[in-house]
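Thank you all for coming.

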Amino acid sequence: MTAAATLLVQWIAHLRDERRFSENSVEAYQRDVSAFLGFLSGHLGGEPSAQDLTELEPRDLRAYLAHRRQGLDALSDRSISRALAAIRSFYRFLERRHGVKNARLSLVRGPKLKRSLPRPVSEGAALNLISEASATGTDDWQSARDAALLTLLYSAGLRISEALALTGADLPLPEVLRVDGKGGKERVVPLLAPARQAIDRYVELCPYSIDEDAPLFRASRGGAFSPRMAQALMERLRIRLGLPSSATPHALRHSFATHLLANGADLRAIQDLLGHESLSTTQTYTSVEAQKILQS
């Protein structure tokens, strides 16, 4: 029988090349299932095979989850749920591609999680972040880049990975942008004039040639501007402005949705703009708005 490690390699290639998952998501899935297979090697007394995966009992999976709750690197309930979701995704792939089935493992339930509400910044704080970015960069072109990136995140509700995936081929940015979201799902988002103008200003000042296959957002030495750099940018800005640690690049996506809802936008329209599979995911923003009303 095929070794489970070989099946893992095939599954990861499927996620990356066919499902078009982001690199961060692929790494998280690989890390979770690799840890599971590593546990099984000790638990079963040898490297697991596909046959072993079909014969696992719920108690074996529960033993793994209990193992991950122990030690200095013990996982939280949310991380346990993520690990269990990764294992289930791996098994779905095995069943579709290799006929490897194990319905018994569906009996294992993860911990019940209290859904945390998105934590957007206020409209004023979002505008202040953009204004501060435009005024405090190392030089003019980097200030323009930072302001353009934050304007794009806030005005179009993009994930940071989606914004940083833009290349010179996307220029000049159109009034309606096609975005490849999670799992390769395409959606269409309108780009407001301030976002397009901010991008145009940055491109005009950028000292590097932005060819069709080159990343749109560039680091100081010309390489691609990374998600980690965007996180560091937001950290510097929020410290200057006295904003909480929840003011991250992704918070601007939350702000986009929450502020649209507060100004009367239709919930299903917001779902389409964000690229959510389920309306229930988008409905969390109604709870944010209700909470804001109660606190006012």
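I will speak about the nonpolar cores, then about a pair of helices, and finally about the aromatic rings.

Before that, please keep in mind that this is a predicted model, in which local features need pLDDT of at least 70 and side-chain atom pairs count only at pLDDT 80 or more, while totals for chains, interfaces and linings use all residues. Residues are numbered from 1 along each chain as its sequence is written, and side-chain values use heavy atoms, with hydrogens and water left out.

Let me begin with the cores, where a nonpolar core is a set of buried Ala, Val, Leu, Ile, Met, Phe, Trp, Tyr and Cys residues joined through side-chain atoms within 4.5 Å, and where buried means under 20% relative accessible area, exposed over 50%, and partly exposed in between, with a 1.4 Å probe and protein chains only. The largest nonpolar core has 49 residues, and the members that touch the most others are L149, L150, Y202, F217 and L252. Helix α7, residues 140-156, gives the largest share of this core, 10 residues; helices here are DSSP runs of H or I with at least four residues, numbered from the N terminus. A second, separate core of 31 residues includes A4, L40, Y91 and L105.

Now to the helix pair: the axes of α6, residues 123-135, and α7 come within 7 Å and cross at roughly 160°, the axes being lines fitted to C-alpha atoms over the stretch in contact, with angles from 0 to 180 degrees between N-to-C directions. That makes α6 roughly antiparallel to α7, a term used for angles over 145 degrees.

How many aromatic pairs does the structure hold? There are 9, and rings of Phe, Tyr and Trp (its six-membered ring) pair if their centres lie within 6.5 Å, with planes under 30 degrees apart counting as stacked, over 60 as edge-to-face and the rest as tilted. W11 and Y29 form an edge-to-face pair, 5.6 Å centre to centre with 90° between the planes. Because W11 lies in helix α1 and Y29 in helix α2, this pair ties together parts that are 18 residues apart in sequence. W11 is buried, at 0% relative accessible area, whereas Y29, at 23%, counts as partly exposed. W11, F21, Y29, F90 and Y91 form one aromatic cluster.

Notes
Helix = DSSP H or I, 4+ residues; strand = E, 2+ residues; numbered from the N terminus. Parallel < 35°, antiparallel > 145°, perpendicular 65-115°, else oblique.
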